[in-house]
Amino acid sequence: MIPLKKDEITPEWFYINRRQFLRSAALVGAGAVLAACAPGVTPTPEEEAVITTQAIGPDGEELTPYESITTYNNFYEFSLFKEKVAELASDYNTDNWQIEVSGLVKNPTTFTMQDILDNFEQEERIYRLRCVEGWSMVIPWVGFSLSKLLDVVGPTADAQYVRFESDMDEKQMPNVSKPTFPWPYQEGLRLDEAQNDLATLATGLYGKPMPGQNGAPIRMVVPWKYGFKSAKSIKKIELVAQQPDTFWNTSAPNEYGFYSNVNPNVPHPRWMQDSERRIGELKRRPTLMFNGYEDEVGYLYEGMDLRINY
Ligand code: MTE
């Protein structure tokens with residue numbers, strides 16, 4: 001574990017929602033320590049430290065250190081080299097960010113980040129992240145269920161899918177002006193997948209605001225799917241009737257399907273999918289169906305052939 005300095009844990013941004021976050025963290029992560037902490041009671045620095053530096057996730061798995069999560073990244077808008085992303089993206093300016101939620105909804109809304117933090121209770125959510133390249137991490141995100149935001153905008157009866165669009169700021173992102181890829185980065189989920197409680201809009205990790213390299217200021221986390229389904233730095237969420245195009249499916253349809261559920265039984269042309277390397281470990285470990293979240297999401301795919309709908 002990396003020791004976090006006090007001033008690293010509570011930057012100005014975090015004070016805004018600190019109480020709210022601590023209340024929910026008490027439920028999820030550090031119940032024993034904060035059980036006596038009534039809403040609104042300010043915890044001691046020691047209590048805070050427990051929340052932000054706990055080493056073990058809910059299933060007894062070790063959290064991946066902050067240092068690894070923030071220095072080994074896929075963020076193609078900045079660089080194709082994982083070790084270079086942090087250097088290029090850590091100063092990514094996301095001031096005055098707005099996220100537009102539109103399309104087939106009753107109340108189209110453009111949220112500022114302040115609106116997001118004021119209206120949606122932030123909680124700690126510890127999930128495995130499994131990249132299609134065969135590596136994995138366990139990450140303590142800060143965020144909330146996408147379904148809560150969908151409830152506010154109200155999908156119409158025609159809405160069948162949710163489309164996510166990432167930022168494409170040529171001034172800050174060196175690769176988006178190059179035609180190598182079909183920018184902007186876009187992703188999609190079926191509406192019922194998007195409404196599953198695990199589908200998360202994340203605004204931070206390890207109790208801190210989202211670092212640039214991890215998709216500041218707000219990104220998706222879809223823990224039962226390969227990591228590329230979790231679009232970073234989202235500017236637009238659109239409810240649509242047809243299955244949307246996605247960045248990787250457009251780039252290489254034979255390698256990346258629309259569903260891309262973590263599935264050890266469906267091989268990939270280039271990477272092993274029945275096992276994975278947890279960052280920080282030497283031995284590979286078996287990959288779990290739906291990344292270990294079958295009980296929570298299995299119902300979404302009943303009756304579907306996941307070899308065809310890969
Ligand atoms: N989102 C955008 N906008 N651009 C990207 O290149 N890479 C994806 C996903 N989201 C990517 C993205 C991939 S391949 C993975 S594995 C995860 O982000 C990595 O997230 P992390 O760097 O926070 O671990």
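Student: What makes the approach of the Lys-225 side chain to the side chain of Asn-261 a polar contact?

Tutor: The separation is 3.0 Å. A polar contact is a pair of N or O atoms within 3.5 Å; inside the protein one atom must be able to donate a hydrogen and the other to accept it, and residues adjacent in sequence count only if both atoms are side-chain atoms. The Lys-225 and Asn-261 side chains therefore qualify. The side chain of Lys-225 also makes a polar contact with that of Tyr-301, at 3.5 Å.

Student: What kind of model is this, and how are residues and atoms treated?

Tutor: The model is predicted, so local features need pLDDT of at least 70 and side-chain atom pairs count only at pLDDT 80 or more, while totals for chains, interfaces and linings use all residues. Residues are numbered from 1 along each chain as its sequence is written, and side-chain values use heavy atoms, with hydrogens and water left out.

Student: Why is Lys-225 called buried?

Tutor: Its relative accessible area is 1%. Buried means under 20%, exposed over 50%, and partly exposed in between (1.4 Å probe, protein chains only). Lys-225 is therefore buried. Lys-225 sits in the loop between β9 and β10.

Student: Which residues does Lys-225 contact, leaving aside neighbours within four places in sequence?

Tutor: They are Arg-130, Leu-189, Glu-193, Tyr-259, Ser-260, Asn-261, Val-262 and Tyr-301. Contact means heavy atoms within 4.5 Å.

Student: How do you know whether Lys-229 is buried or exposed?

Tutor: Lys-229 has a relative accessible area of 1% and is therefore buried. Lys-229 is also placed in the loop between β9 (219-221) and β10. Not counting residues up to four places away in sequence, Lys-229 touches Glu-187, Gly-188, Leu-189, Val-222, Thr-246, Phe-258, Tyr-259 and Ser-260. A polar atom of the Lys-229 side chain lies 2.5 Å from the backbone oxygen of Phe-258.

Student: Where does Lys-82 lie, and what makes that segment a helix?

Tutor: Lys-82 lies in helix α7, residues 82-89. Helices (H or I, at least four residues) and strands (E, at least two) are DSSP runs, numbered from the N terminus. Lys-82 is buried because its relative accessible area is 13%. The contacts of Lys-82 include Asn-73, Glu-133 and Trp-135.

Student: Which direction does β5 take relative to β10, and over how many bridges?

Tutor: β5 (residues 161-166) and β10 pair in the antiparallel sense over six bridges. Arg-163 stands opposite Glu-238 in β10.

Student: How is β1 joined to β2?

Tutor: A hairpin joins them through five residues. Four bridges link β1 to β2 (residues 109-112), and the strands run antiparallel. In β2, Thr-110 is the bridge partner of Glu-100.

Student: How many residues surround the ligand, and which are the closest?

Tutor: There are 16, the closest being Tyr-76, Glu-77, Arg-219, Ser-230 and Lys-232. A residue is near a molecule or strand if one of its heavy atoms lies within 4 Å of it. By class, the shell has seven nonpolar, six polar and three charged residues. Nonpolar covers Ala, Val, Leu, Ile, Met, Phe, Trp, Tyr, Cys and Pro; charged covers Asp, Glu, Lys and Arg; the others, Gly among them, are polar.

Student: What separates Ser-230 from the ligand?

Tutor: A backbone N or O atom of Ser-230 lies 2.8 Å from a nitrogen atom of the ligand. Taken alone the ligand exposes 530 Å², and the protein buries 98% of that. Accessible areas come from the Shrake-Rupley method with a 1.4 Å probe; for residues, only the protein chains shown count as cover.

Student: How many helices and strands are in the chain?

Tutor: There are 12 helices and 12 strands. Of the 310 residues in the chain, 56% are buried.

How values were computed
Two strands pair if DSSP finds at least two bridges between them.
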